[in-house]
Amino acid sequence: MKVTFPHMGNLYICVKGMLEYLGIEVTMPPKTSKRTLTLGSKYGPEFACMPLKLNLGNFIEASELGAETIMMAGGCGPCRFGYYAQVEHSILQDLGYDYDIVVLEPPDKSITELTSRVRQITGKKSWWKVIQSIRYGYLKSRAVDTVELLSFKTRPRELLTGETDRALNQALKEIDRAQTVEELKLAEARGSEMMQDVAVDSNRRVIKIALIGEIFTLLEPFANLNIERHLGRLGVEVDRSIYLSEWINDHLFMGLLKGIRSTKEYCRNASPYLNHFVGGHGLETVGSVPVYAKQGYDGVIQLFPFTCMPEIVAESLLPKVSAAYNIPLMTLITDEHTGEAGMITRLEAFVDLLERKQYQNYQGARSQELEVRMS
Ligand code: SF4
């Protein structure tokens, strides 16, 4: 059985590591590309959101490499993600791709529904080994997040353009190659060193922007047109409202690991504007704006794919939240027609606006200080 699953940024490093820990053969689709999107858009429903189209393209490309079984997450609404797996499987069958599919989703009636699906992938491996593999996947996600976070700091300050990307790619390769917990610890330490070795101008004044919104678009560079890289090169230090390890702790470990940022804080902060689940991460998106404003961020960018229902709900509330917390906001919606050059122009304009605001605040603070000194 050759198992495959769709790409979502660097998630493949964790899931592949977890499956290989169990001795399961993994056939990864090539990294998401224009071809992936072309295939997905050709065969997917026109009004489906972009993640469905990219998933579909990934599965077609993985099948060309010999993949036989799809492993996918499922859900229970209210957004369309709940029936993605079934729709994608039907389309693949119509196209003649002979895939088995295992959907891991919250059970309808009893937990045995879920455990029997897990068994379809893991076979007779002991539950202890399965738990160990999940822990291993989580450790990989922590390592990925560690080096990514360092890249957010170095990219806007790097002395040689592109050095951060080079170091980050190398660090991620090392983390991906690690086969045991010991090797992984070494890879994470080496990766962190590589990131810290990037030559930077630590006195450079940077703008801080938080990226919030739909999880797939936030994590998949192809879907967000490499927004983190573009912002970094414009002198922006970014943060994301969602990281893989935090998501795993919140959703798979039920927040059992302490001292790790949780999206629950966003939900608490959303309550004056929205106090119920609207699917996806719509609620968290609304609540993340007050959190970032309180942390002194200069601006917020909401990202989501065209037709994403939970983020459309959030989008309608965000102008109110942004005004209440005096934090500038921009919304970027992507689909297969979005061009990178157009997006860069919008980013440049937004960063320009934030720089001016930061300068005005600085001048205001300086003149107040002078007034105090002279009085
Ligand atoms: S959250 Fe949005 S993008 Fe993701 S599956 Fe739901 S509707 Fe599509």
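Predicted model: local features only at pLDDT ≥ 70, side-chain atom pairs only at ≥ 80, totals over all residues.
Residues are numbered from 1 along each chain as its sequence is written.

**The sheet**
- An open sheet is formed by 4 strands in the order β6-β5-β7-β8, and the pairing is parallel; strands (E, at least two residues) and helices (H or I, at least four) are DSSP runs numbered from the N terminus, and two strands pair if DSSP finds at least two bridges between them.
- The edge strands, each pairing on one side only, are β6 (236-240) and β8 (329-334).
- On average, neighbouring strands of this sheet are turned by 25 degrees against each other, direction ignored.
- Strand β5 (residues 207-213) is joined to the parallel strand β7 (residues 299-305) by 5 bridges, and Ile209 stands opposite Gly299 in β7.

**The helix across the sheet**
- Helix α15 (residues 340-374) lies across β5, β6, β7 and β8 and runs at about 130 degrees to β5; axes are lines fitted to C-alpha atoms, for helices over the stretch in contact, and angles run from 0 to 180 degrees between N-to-C directions.

**The helix pair**
- Helix α6 (residues 127-154) packs with helix α7 (residues 163-177) at an angle of about 175 degrees, their axes being 10 Å apart.
- That makes α6 roughly antiparallel to α7 (angles over 145 degrees count as roughly antiparallel).
- The contact (C-beta atoms, placed from the backbone, within 7 Å) involves residues including Lys140, Val144 and Val147 of α6 and Leu168 and Ile175 of α7.

Conventions
Contact = placed C-beta atoms within 7 Å. Parallel < 35°, antiparallel > 145°, perpendicular 65-115°, else oblique.
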